[in-house]
Amino acid sequence: MAENSQPPNNDNQQEIEELISSLPKEKWWRGSGLTLYQNFWVPSDFIRGVITLRRHFIGRDSNILLASKPKTGTTWLKALAFSVLHRAQFRPSVANANHPLCSSNPHDLVPFLEIMLNGQPAGHVPDMSGFTDLQLFATHVPYHFLPESIHQSQSRVIYICRNPLDTALSSWHFWAQANLEGGAGDWSMEEFFENFCKGLDFYGPFWDHLLSYWKASCERPERVLFLKYEDLKEDTARNLKRIAEFMGVPFSKEEELDGVVDQIVEMCSLSNLKELDVNKTGDIFGYENKTFFRKGEVGDWANYLSPSMVERLENIMKEKFSPFGLYFTLKKTS
Ligand SMILES: Nc1ncnc2c1ncn2[C@@H]1O[C@H](COP(=O)(O)OS(=O)(=O)O)[C@@H](OP(=O)(O)O)[C@H]1O
């Protein structure tokens, strides 16, 4: 059955398995796979969670969703949003060894919805009450994959994106480093890049992913906040205040005078998180924690991508993004 039609009300294990087996698949790096679901390449390992999220997750007004395409600043946004939301309970400071960021990778503090739901048997409608009590969730799915209940509720979505050149480069490094078993399909950077440009990528095509949230943020700015990694790097404090305000927990004047904003910025900086023992060791979702922290630079693409690769991505950006008023200033690292 093609998944263009409305999802059935009474799905069952067999129906979901039949659907999944009918969807196009591609091999991905080192033995993992991608499944084409509703025109997006979903990691095959999470496809059941993505379908369950779309069909059954009950969004609540209190939910705040952190959304992103992989390698665009997800880990950073999770650390910032968690620190902002729980600042009364956990004093944000690099000197506070009891802060959860000192003992947990940001991905452990803000769970990915599709990964949580993936643990459910296919076709089973899980009891979401335990999940929906949590306020902060994350997801890599495009905007229109979110269930109707989220669109209908007052829940808010914060999307972070990044210029596609640095995103492609960061993805390449991640997959090249990731300590995965398997071995099938170890591509060269050129092959990886070729696939990225064709849209064959984790939750690709990147242009449709970005545009789904960009359009939603233009239509419903009070519900969808669209952030760029580059802006967050340029002025983290200013954007952190935007995030707090959007989440409904703005910083008071006293907090600002007390340096709370600066403390969160420092605590969530790449240089601080990278050096924490918890992020140097251990793993999550089968990836070593340290692989989530690399250089974090804007414009590192200039050190790796050839002029023809740059031109190709610039052309895609012009064709796909310009008609919708979405632009990236391409800065090179010196
Ligand atoms: N705290 C902080 N500040 C700034 N930058 C950070 C931070 N944490 C991670 N990073 C950089 O973000 C890149 C990883 O992207 P994601 O976190 O989206 O990856 S993932 O989707 O969660 O796997 C990856 O970028 P590159 O260094 O360019 O590869 C990380 O280094």
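This is a predicted model: local features need pLDDT of at least 70, side-chain atom pairs count only at pLDDT 80 or more; totals for chains, interfaces and linings use all residues.
Local features here need pLDDT of at least 70 and side-chain atom pairs pLDDT 80 or more, whereas totals for chains, interfaces and linings use all residues. Residues are numbered from 1 along each chain as its sequence is written, and side-chain values use heavy atoms, with hydrogens and water left out.

**Exercise 1.** Work out how helices H13 and H15 are oriented to each other.

Step 1: Find H13 at residues 236–247 and H15 at residues 260–267; helices are DSSP runs (H or I, at least four residues), numbered from the N terminus.

Step 2: The two pack at an angle of about 105°, with their axes 10 Å apart, where axes are lines fitted to C-alpha atoms over the stretch in contact and angles run from 0 to 180 degrees between N-to-C directions.

Step 3: Angles of 65 to 115 degrees count as roughly perpendicular, and H13 and H15 are therefore roughly perpendicular to each other.

Step 4: The contact (heavy atoms within 4.5 Å) is made by Thr236, Ala237, Leu240 and Lys241 of H13 together with Val261, Asp262, Ile264 and Val265 of H15.

**Exercise 2.** Identify polar contacts of the ligand, meaning pairs of N or O atoms within 3.5 Å.

Step 1: A polar side-chain atom of Thr74 lies 2.6 Å from a ligand oxygen atom.

Step 2: In the side chain of Arg162, an N or O atom is 2.9 Å from an oxygen atom of the ligand.

Step 3: Leu270 contributes a backbone N or O atom, 3.4 Å from a nitrogen atom of the ligand.

**Exercise 3.** Describe the peptide bond from Gly204 to Pro205.

Step 1: This bond is cis, with omega near 5°.

Step 2: Pro205 is found in the loop between helix H10 (189–198) and helix H11 (206–219).

Notes: Angles under 35 degrees count as roughly parallel, over 145 as roughly antiparallel, 65 to 115 as roughly perpendicular and the rest as oblique. A polar contact is a pair of N or O atoms within 3.5 Å; within protein, one must be able to donate a hydrogen and the other to accept it, and residues adjacent in sequence count only if both atoms are side-chain atoms.
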